[in-house]
Amino acid sequence: MALSLSGCDLNSDGPPVVLYAAVAVNSEDAISSETHRRFNERLNVVVEDFRRLHPSIHVQIALYPEHNLLQELKRRDDADLGPDLLLTNSRMSKQLLEEGLTDPIPKTQNLPSQLLPDILSEVSMPGGVIAAEPVVLYPQLACFNRDVITTPPRTMRDLLVISAAGIPVGLTTKVEELLWTAGSLNALDALADARSGLSLNATERQALMGWLRWLQQASTMQRLTFHSNQTVLREGLQRGEYAWISCSSMDIQTLKKSMGRRLGVSPLPNGRHHVASPINQIRVLALGRDSSARQREASLRFLNYIAQPQVQRDLSLRSFSFLPVNPFVTVPVESSSILRSMVTAREQAADSQPSLSIISSYGEASRSIQTLLVPLIFGVSTPEETADALIKALQQEVQP
């Protein structure tokens with residue numbers, strides 16, 4: 001309403017406004033014609049509905065690899081050609097704001113009343129500044145071949161059992177995609193305490209050792225394979241090389257097209273007494289700072305539109321690949337096993353807070369864990385050596 005009463009008129013009979021949107025793409029995915037087609041297909045679902053209300057507003061999309069997004073935006077910003085909107089992850093949105101490449105979300109957007117506290121915290125900066133507007137939540141899940149696996153593994157023991165039975169399983173060594181196992185095996189609190197600079201008690205050290213032993217034991221199994229990135233696992237499931245992999249709901253549409261009814265989706269396996277700790281990806285929209293007054297108003301209209309509960313619900317049900325971030329939106333889990341699995345993944349992550357948030361920041365903590373887990377998984381170091389080095393590395397991060 002506030003926008004409709006503002007001075008700049010964006011009615012359908014006015015001159016067109018073009019919004020340039022930069023989309024950060026996972027660095028594992030090569031930017032090809034297929035990548036462009038896939039992202040345009042996803043985003044056009046939103047854009048086309050929005051343009052029915054605002055036909056004079058056009059949106060053009062450009063894809064950038066996540067690893068060099070910052071460098072590319074700095075180059076464009078120097079020429080005053082920065083995008084009007086940026087679709088990226090919450091961590092990157094904070095970095096973009098700190099670098100002066102984006103503007104904060106205006107308080108008039110009233111985001112605190114539209115988001116759950118844990119999601120709002122992902123984009124909040126000191127002083128109540130909000131770096132970007134959360135748009136969708138992509139849960140971390142398990143994807144499997146229903147022709148091979150009729151009942152997906154519900155526990156970590158089940159996962160090893162199906163692998164021992166000759167069913168090929170794929171996991172990744174990438175920390176943010178492997179950390180869910182630490183929750184299942186009760187090692188999450190130990191990692192978080194070490195990351196906070198605390199000494200571990202005997203129970204926590206035992207839990208940490210149990211997780212590390214599980215990872216090394218899993219790597220020795222003939223039909224369980226670790227890879228360095230998720231793309232290899234996704235393509236392996238499509239080709240039939242794997243029957244079960246960890247995945248993101250972001251992969252569901254691509255997998256459905258190639259696998260059809262063979263694709264099964266389930267929550268990640270829990271432990272005997274503890275739930276998995278999936279890192280669910282939040283995609284956010286940030287405001288570029290090179291927009292004209294009319295482009296900024298059009299951008300805010302788009303942000304306001306996509307935050308509406310009905311829009312969030314409709315988009316979720318049409319794609320079956322993400323969950324709404326608006327807490328007032330409910331999804332009919334009884335109508336779909338995929339929706340039910342995604343809601344479970346959201347609950348698993350919520351049960352793992354705040355320990356999960358302490359060590360899943362993709363910063364030094366992730367790099368320390370990554371550096372030490374890879375030699376462990378491939379048998380170069382022992383669980384005992386890895387535990388000592390891991391505790392020391394995480395504790396040192398908080399020392400002045």
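A disulfide is a pair of cysteine sulfur atoms within 2.5 Å. The exercises below apply this and other rules to a predicted model, where local features need pLDDT of at least 70, side-chain atom pairs count only at pLDDT 80 or more, and totals for chains, interfaces and linings use all residues. Residues are numbered from 1 along each chain as its sequence is written, and side-chain values use heavy atoms, with hydrogens and water left out.

**Exercise 1. The disulfide**

Find which cysteines are joined by a disulfide, and describe the link.

Step 1. Count. The structure has one disulfide.

Step 2. Name the partners. Cys143 is joined to Cys247, with 2.1 Å from S to S.

Step 3. Cys143 sits in strand E6 (residues 140–145) and Cys247 in strand E9 (residues 244–248), so the pair ties together parts 104 residues apart in sequence. Strands here are DSSP runs of E with at least two residues; helices are runs of H or I with at least four, and both are numbered from the N terminus.

Step 4. The angle about the S-S bond is 75°, and the link is right-handed.

Step 5. Cys143 and Cys247 are both buried. Buried means under 20% relative accessible area, exposed means over 50%, and partly exposed lies in between (1.4 Å probe, protein chains only).

**Exercise 2. The whole chain**

Compare the radius of gyration of the protein chain with that of a compact globule.

Step 1. Take the rule. The radius is taken over C-alpha atoms, and the globule rule is 2.2 Å times the number of residues to the power 0.38.

Step 2. Apply it. For 400 residues a compact globule would have a radius near 21 Å; the protein chain has 22 Å, which agrees.

Step 3. The C-alpha trace spans about 65 × 55 × 35 Å along its principal axes.

Step 4. The protein chain has 17 helices and twelve strands. Of its 400 residues, 53% count as buried.

**Exercise 3. Helix H10**

Describe helix H10 (residues 230–239) from its start to what follows.

Step 1. Start at the N-terminal end. Asn229 caps H10 there: one of its side-chain oxygens lies 3.1 Å from the backbone nitrogen of Thr231.

Step 2. List the buried residues. They are Gln230, Thr231, Leu233, Arg234, Gly236 and Leu237.

Step 3. Gly240 follows H10, and its phi is positive, near 90°.

**Exercise 4. The second largest pocket**

What lines the second largest pocket?

Step 1. On a 1 Å grid over the protein atoms alone, a pocket is an open set of points with protein on both sides within 12 Å along at least five of seven lines; a cavity is a set where a 1.4 Å probe fits but cannot get out; lining residues have an atom within 4 Å of a point.

Step 2. Give the volume. The second largest pocket holds about 510 Å³ of space. A volume is the space filled by probe spheres set on the points, which are joined across faces, edges and corners.

Step 3. Name the lining. There are 28 lining residues, and Arg42, Leu43, Val46, Leu87 and Tyr138 lie nearest the centre. Helix H1 gives the largest share, seven residues.

Step 4. Sort by class. The lining has 21 nonpolar, three polar and four charged residues. Ala, Val, Leu, Ile, Met, Phe, Trp, Tyr, Cys and Pro count as nonpolar, Asp, Glu, Lys and Arg as charged, and the others, Gly among them, as polar.

How values were computed:
A polar contact is a pair of N or O atoms within 3.5 Å; within protein, one must be able to donate a hydrogen and the other to accept it, and residues adjacent in sequence count only if both atoms are side-chain atoms.
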